Amino acid sequence: MVDAALRSQVRQWIVEAPRITVLSGAGMSAESGVPTFRDALTGLWARFNPEELATETAFRAHPQRVWAWYAHRREALAQVQPNAGHCALAAFALRHPGRLTLITQNVDGLHQRAGLADTIALHGSLLDDHWLDLPRTCCHTEPIQSGEPPSCPVCGNQRRPSVVWFGESLPGPAFAAAEAAAQDCDLMLVVGTSGVVYPAAGLAFTAHQRGARVVIVNPEPSDLDAVADACLREPAAQCLPHLLENS
Ligand code: BJW
């Protein structure tokens with residue numbers, strides 16, 4: 001059941017906060033029809049071991065299988081739209097220029113499609129790919145050979161999805177911007193993440209340690225609840241419009 005008093009308290013905190021940072025995860029896009037990772041029944045990893053798909057080692061061992069899995073997810077994205085939660089965040093940012101910074105772990109591009117072009121994407125993008133190994137001259141000059149994965153016809157270098165796999169560093173400028181936004185905010189909204197993947201999850205601890213209020217929007221408990229000033233146990237697309245509209 002919705003806790004109307006808590007929601008209204010959080011609305012007040014939003015009104016009062018000069019700088020708001022949002023950290024979103026897969027649950028943000030669940031109501032758009034994008035599966036989360038760790039949901040026991042419908043999550044992307046309910047049937048797969050992440051180690052077998054979301055690492056560079058897995059890609060090198062089984063490039064066709066891993067490429068096909070990402071290609072399937074990329075195609076599925078063409079069928080989905082930003083939901084009311086994405087739109088409420090984008091509309092708020094438009095009404096309050098410079099006040100909201102959005103950090104996402106999501107690779108689906110839905111925040112950007114909702115209008116938040118300057119979203120800080122910590123884990124890359126499912127819509128892009130790049131060379132697996134350092135590109136040679138031929139990779140730049142020859143037309144890419146189609147296939148699963150596509151490759152350079154001369155040296156065999158393969159294209160890989162531009163997402164951040166386990167064991168890989170996050171894009172440096174994006175992570176630096178995210179850390180600055182976590183350090184400098186007055187309120188952090190943590191939406192739809194289990195909070196188990198680092199260093200992204202650590203941003204909520206940073207915000208808390210620096211004195212910001214931390215509010216979690218998630219129907220289920222998460223690993224970040226310990227640092228939360230409030231946990232709104234609601235789905236993002238229902239909760240965010242109530243929190244952000246007319247403020
Ligand atoms: C709803 C909802 C609704 C549902 N509304 N909510 C410190 C401690 C321990 C380990 C580490 C550490 N530091 C680094 C590590 C290692 C590792 C890590 O974190 N491992 C842990 C899992 C143990 N991290 C890394 O390897 C990172 N790199 C790194 O640290 O580099 C430095 C380094 C270099 C060299 C060697 C070692 C370190 C990289 C992490 C990359 C993560 N990549 C993935 C895959 C992307 C590609 C792909 O899409 O396939 O990113 S993993 C996956 O998890 C994906 C997500 O962005 C990420 C987070 O998941 P998220 O978003 O939280 O989703 P779920 O499914 O977990 O949760 C969904 C939530 O939504 C749930 O809570 C639901 O209840 C909720 N929900 N419906 C609101 N309607």
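## Basis of the description

A residue is called buried under 20% relative accessible area, exposed over 50%, and partly exposed in between, with a 1.4 Å probe and protein chains only. This is a predicted model, in which local features need pLDDT of at least 70 and side-chain atom pairs count only at pLDDT 80 or more, while totals for chains, interfaces and linings use all residues. Residues are numbered from 1 along each chain as its sequence is written, and side-chain values use heavy atoms, with hydrogens and water left out.

## Salt bridges

The whole structure contains eight salt bridges, a salt bridge being a side-chain nitrogen of Lys or Arg within 4 Å of a carboxyl oxygen of Asp or Glu. One of them pairs Arg233 with Asp225 at 3.0 Å, N to O. Asp225 is buried, at a relative accessible area of 18%, whereas Arg233 is partly exposed at 39%. In another, Glu168 and Arg160 have their closest N and O atoms 2.7 Å apart. Here Arg160 is buried at 5% relative accessibility, and Glu168 is partly exposed at 22%.

Asp133 and Arg60 also form a salt bridge, with 2.7 Å between the closest N and O atoms. Asp133 belongs to the loop between β4 (124-131) and α7 (137-141) and Arg60 to helix α3 (residues 56-61), so the pair ties together parts that are 73 residues apart in sequence. These elements are DSSP runs numbered from the N terminus, helices being H or I of at least four residues and strands E of at least two. Both partners are partly exposed: Asp133 has a relative accessibility of 32% and Arg60 a relative accessible area of 42%. Through shared partners, salt bridges join Glu56, Arg60 and Asp133 into one network.

## The ligand and its surroundings

The ligand is surrounded by 36 residues, the closest being Arg38, Tyr70, Arg73, Thr193 and Ser194; a residue counts as near if one of its heavy atoms lies within 4 Å. Helix α4 (residues 63-77) supplies the largest share of this shell, three residues.

Several polar contacts, pairs of N or O atoms within 3.5 Å, can be described. A polar side-chain atom of Tyr70 is 2.7 Å from an oxygen atom of the ligand. Polar backbone atoms are involved at Ala236, 2.9 Å from a nitrogen atom of the ligand, and at Gly27, 3.3 Å from a nitrogen atom of the ligand. Taken alone, the ligand exposes 1,500 Å², of which the protein buries 73%; these areas come from the Shrake-Rupley method with a 1.4 Å probe.

Conventions: A polar contact is a pair of N or O atoms within 3.5 Å; within protein, one must be able to donate a hydrogen and the other to accept it, and residues adjacent in sequence count only if both atoms are side-chain atoms.
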